[in-house]
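Have the viewer open as you read.

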Amino acid sequence: MSGSDVELNHRAMAMLKAVAAGRAQMSVSCEPDLFVDGFACCDQMTAHALAHGGYIRAAAEKAVGRVPAELTEAGRAALDISLAA
């Protein structure tokens with residue numbers, strides 16, 4: 001899935017903002033789950049789409065379990081565009 005296939009709706013943008021603020025963790029797996037403030041995100045389909053679309057990634061790829069989530073360049077660009085609008 002390319003980044004252009006991901007709908008960056010309000011929920012997706014809120015997830016990106018949580019990742020940017022350092023409030024998110026993700027599981028290291030082929031279908032990475034997102035956790036915000038220690039709680040499982042309510043929309044794992046969007047979390048998976050953001051990860052597979054290249055907007056977010058695990059900060060430590062070789063780890064097991066939950067690790068901090070971080071924005072990719074595409075994720076930062078998406079936030080920059082939304083803040084400029």
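## Overall size

A compact globule of 85 residues would have a radius of gyration near 12 Å, and the protein chain comes in at 12 Å, so the two agree. That radius is taken over C-alpha atoms, and the globule rule is 2.2 Å times the number of residues to the power 0.38. Along its principal axes, the C-alpha trace spans about 35 × 25 × 20 Å.

Keep in mind that this is a predicted model: local features need pLDDT of at least 70, side-chain atom pairs count only at pLDDT 80 or more, and totals for chains, interfaces and linings use all residues. Residues are numbered from 1 along each chain as its sequence is written, and side-chain values use heavy atoms, with hydrogens and water left out.

Of the 85 residues, 41% are buried (under 20% relative accessible area, with a 1.4 Å probe and protein chains only). Take the contacts (heavy atoms within 4.5 Å) with a separation of 6 or more: 51% of them come from residues 24 or more positions apart.

## Order of elements

The chain has 3 helices and 5 strands, running α-β-β-β-α-β-β-α from the N terminus. These are DSSP runs numbered from the N terminus: helices are H or I with at least four residues, strands are E with at least two.

## The sheet

The 5 strands make an open, antiparallel sheet in the order β3-β2-β1-β5-β4. Strands β3 (39-40) and β4 (56-58) sit at the edges with a single partner strand each, so one side of each has no neighbour in the sheet. Pairing here takes at least two DSSP bridges between two strands.

Look at β1 (residues 24-27) and β2 (residues 34-36): they pair antiparallel over 3 bridges. Ala24, for instance, has Val36 in β2 as its bridge partner.

Helix α1 packs on the sheet, touching β1, β2, β4 and β5 (66-71), and its direction makes about 110 degrees with that of β5. Helix α2 packs on the sheet too, touching β1, β2, β3 and β4, with its direction at about 85 degrees to that of β4. Angles run from 0 to 180 degrees between N-to-C directions, and axes are lines fitted to C-alpha atoms, for helices over the stretch in contact.

## Helix against helix

How do α1 (residues 10-20) and α2 (residues 44-52) meet? They pack at an angle of about 65 degrees, with axes 10 Å apart. Ala12, Met15 and Leu16 in α1 meet Thr46, Ala47 and Leu50 in α2. The residues of this contact divide into 5 nonpolar, 1 polar and no charged.

Technical notes:
Ala, Val, Leu, Ile, Met, Phe, Trp, Tyr, Cys and Pro count as nonpolar, Asp, Glu, Lys and Arg as charged, and the others, Gly among them, as polar. Buried means under 20% relative accessible area, exposed over 50%, partly exposed in between (1.4 Å probe, protein chains only).
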